[in-house]
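This report describes selected features of one protein chain. The sequence and structure are shown first.

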Amino acid sequence: MTMGEKDGNQIMAEALKRQGLKYVFGIMGHPVIELALNIQAAGLEYLGFRNEQAACYAAQAYGYLTRKPAVVLCVSGPGLLHVIGGMANAQVNCWPVLVLGGSCPEDHEGIGGFQEWPQVEASRPYCKYAARPPSAALIPLHVEKAVRLSTYGRPGAVYLDLPATLLQQKVNERQIIKVAPCPPPPTMFPQMNLIQEAANLLIGAKKPLVIVGKGAAYGRAEKEIRDLILVSGLPFLPTPMGKGVVPDEDQHCVSSARTAVLQQSDVILLLGARLNWMLHFGRPPRFQNEVKVIQIDICAEELHNSVPASVAIQSDVGPAVEALSTLLKNRNYFMSQSNPWWRELISKGQKNREMIQRLASDTSVPLNYYTVFNHIQSIIPKDSIICSEGANTMDIGRTMLLNNLPRHRLDAGTFGTMGVGLGFAIAAALYCKDNEPSKRVICVEGDSAFGFSGMELETMYR
């Protein structure tokens with residue numbers, strides 16, 4: 001290159017750095033070898049994986065933990081196709097991730113180029129934004145847009161296609177589009193008349209319930225939700241990755257009476273959770289026919305999904321819950337545990353806990369899951385980040401391995417994807433290294449689930 005020129009590799013690396021991105025996960029190869037080297041020269045950290053799909057799992061988990069996307073770097077054709085399973089998981093889980101796919105040189109397209117594949121079209125169903133920058137000079141614009149779309153509104157996956165010819169293209173520095181760093185997503189506040197309606201419903205309920213979802217954890221709404229539970233005395237039920245927003249060991253947690261509380265609640269406050277298969281779609285027989293749902297979600301399209309909400313509030317969870325807590329406090333609302341609804345839940349929960357304790361105390365051979373998890377729970381630090389997947393391993397582990405801090409549970413999630421555990425654990429370890437170096441990450445794997453990404457043990461060690 002002559003003085004004052006940059007090629008697409010350098011422009012892309014500098015654009016990623018400009019947007020404040022830190023980690024790149026992937027597999028290096030043609031045509032992104034030079035890009036990987038430029039990325040590291042620009043100050044980003046590159047971690048080589050054994051499979052692109054696992055690399056995408058790691059990148060999206062890091063995005064969930066930080067609210068900032070990490071990057072997946074993959075080669076053309078098969079490399080991108082391996083990533084697509086991870087992209088779909090990020091999209092369904094609503095976690096930000098930026099995928100960069102090297103692709104066939106543009107002058108080889110249509111004539112059988114090496115690993116030629118319609119990569120933008122193949123990626124589009126699995127992400128929020130898929131594009132090929134038309135020139136190297138425009139790369140910074142597309143990087144900023146990709147970062148913005150991955151984090152604004154409902155987070156998700158984004159894809160940028162990088163043909164070899166684009167990466168090698170040389171551009172005079174004066175022609176390169178200059179783009180400012182993407183600012184954090186704006187906070188969305190609720191309509192106060194809807195908060196008033198929600199308060200009225202809760203105050204009039206005989207059997208209210210708060211359900212805390214993964215969206216509340218991603219939205220950093222733990223302080224507001226903990227204050228709500230303290231102020232109101234309401235029982236709460238976390239979804240698997242909503243665990244820890246309010247501690248599992250809090251006296252208001254009714255996970256041990258999950259079936260009964262879902263079947264009998266007459267008013268449900270849904271905080272950043274979706275009425276999908278994980279919550280039985282909000283329909284009978286798992287819910288009452290006439291149950292009233294107060295739904296708080298950042299995504300307007302999610303409101304009234306599956307069953308009509310009685311009060312539908314588009315808002316960030318934190319501000320909406322804070323406003324609701326203030327109203328309930330001003331109206332002196334508090335549900336004491338002497339209330340008949342609470343007494344019923346306490347009784348049911350105690351019976352279930354006694355049954356589980358009997359199982360956990362059974363040391364006959366072969367050992368059952370409850371006994372094993374009871375021992376694991378007794379020896380791991382209480383502030384551990386727990387990554388878990390598998391069938392019984394994950395499902396029973398959710399019951400036995402407790403979380404008292406938010407974003408400390410990473411599992412198969414909404415898409416029910418197996419093979420995520422090791423990638424998630426690597427991302428969690430990087431997060432801890434940068435933020436809480438004394439914290440431990442515990443990866444609890446079912447045998448079959450482990451097999452999908454088992455080679456990433458070498459990545460962990462390296």
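The sections below treat the basis of the model, nonpolar cores, a helix pair, salt bridges and backbone geometry.

## Basis of the model

The structure is a predicted model, in which local features need pLDDT of at least 70 and side-chain atom pairs count only at pLDDT 80 or more, while totals for chains, interfaces and linings use all residues. Residues are numbered from 1 along each chain as its sequence is written, and side-chain values use heavy atoms, with hydrogens and water left out.

Helices (H or I, at least four residues) and strands (E, at least two) are DSSP runs numbered from the N terminus. Buried denotes under 20% relative accessible area, exposed over 50%, and partly exposed the range in between (1.4 Å probe, protein chains only).

## Nonpolar cores

A nonpolar core is a set of buried Ala, Val, Leu, Ile, Met, Phe, Trp, Tyr and Cys residues joined through side-chain atoms within 4.5 Å. The largest such core has 99 residues, and those with the most contacts inside it are Phe 25, Met 87, Val 99, Ile 225, Leu 269, Ile 294 and Leu 410. Helix α3 supplies the largest share of this core, 10 residues. Apart from it lies another core, of 34 residues, including Ala 36, Leu 44, Ala 131 and Ile 176.

Contact means heavy atoms within 4.5 Å. Leaving aside residues up to four places away in sequence, Ile 225 touches Val 212, Ala 216, Val 245, Val 246, Leu 271, Val 317 and Val 321.

## Packing of α3 and α4

The axes of helix α3 (residues 52-66) and helix α4 (residues 78-93) come within 7 Å and cross at roughly 35 degrees; axes are lines fitted to C-alpha atoms over the stretch in contact, with angles running from 0 to 180 degrees between N-to-C directions. From α3, the contact involves Glu 52, Gln 53, Cys 56, Tyr 57 and Gln 60, and among its α4 residues are His 82, Val 83, Met 87 and Ala 90. The residues of this contact divide into five nonpolar, seven polar and one charged; Ala, Val, Leu, Ile, Met, Phe, Trp, Tyr, Cys and Pro count as nonpolar, Asp, Glu, Lys and Arg as charged, and the others, Gly among them, as polar.

## Salt bridges

The structure holds 20 salt bridges, each a side-chain nitrogen of Lys or Arg within 4 Å of a carboxyl oxygen of Asp or Glu. Lys 22 pairs with Asp 434, with the closest N and O atoms 3.2 Å apart. Because Lys 22 lies in the loop between α1 (8-18) and β2 and Asp 434 in helix α16 (residues 421-435), the pair ties together parts that are 412 residues apart in sequence.

Arg 132 forms a salt bridge with Glu 109, the closest N and O atoms being 2.7 Å apart. Salt bridges that share partners join Glu 106, Glu 109, Arg 132 and Asp 161 into one network. In the bridge between Asp 383 and Lys 439, the closest N and O atoms are 3.5 Å apart; Asp 383 is partly exposed at 30% relative accessibility, whereas Lys 439 is buried at 6%.

## Backbone geometry

Most residues other than glycine have a negative phi, and most peptide bonds are trans. The bond from His 30 to Pro 31 is cis, with omega near 5 degrees, and Pro 31 is placed in the loop between β2 (23-26) and α2 (33-41). The bond from Pro 284 to Pro 285 is also cis, with omega near 5 degrees.

Arg 220, although not a glycine, has a positive phi of about 55 degrees and is partly exposed, with a relative accessible area of 28%. Asn 332 has a positive phi of about 55 degrees and counts as exposed at 68% relative accessibility.
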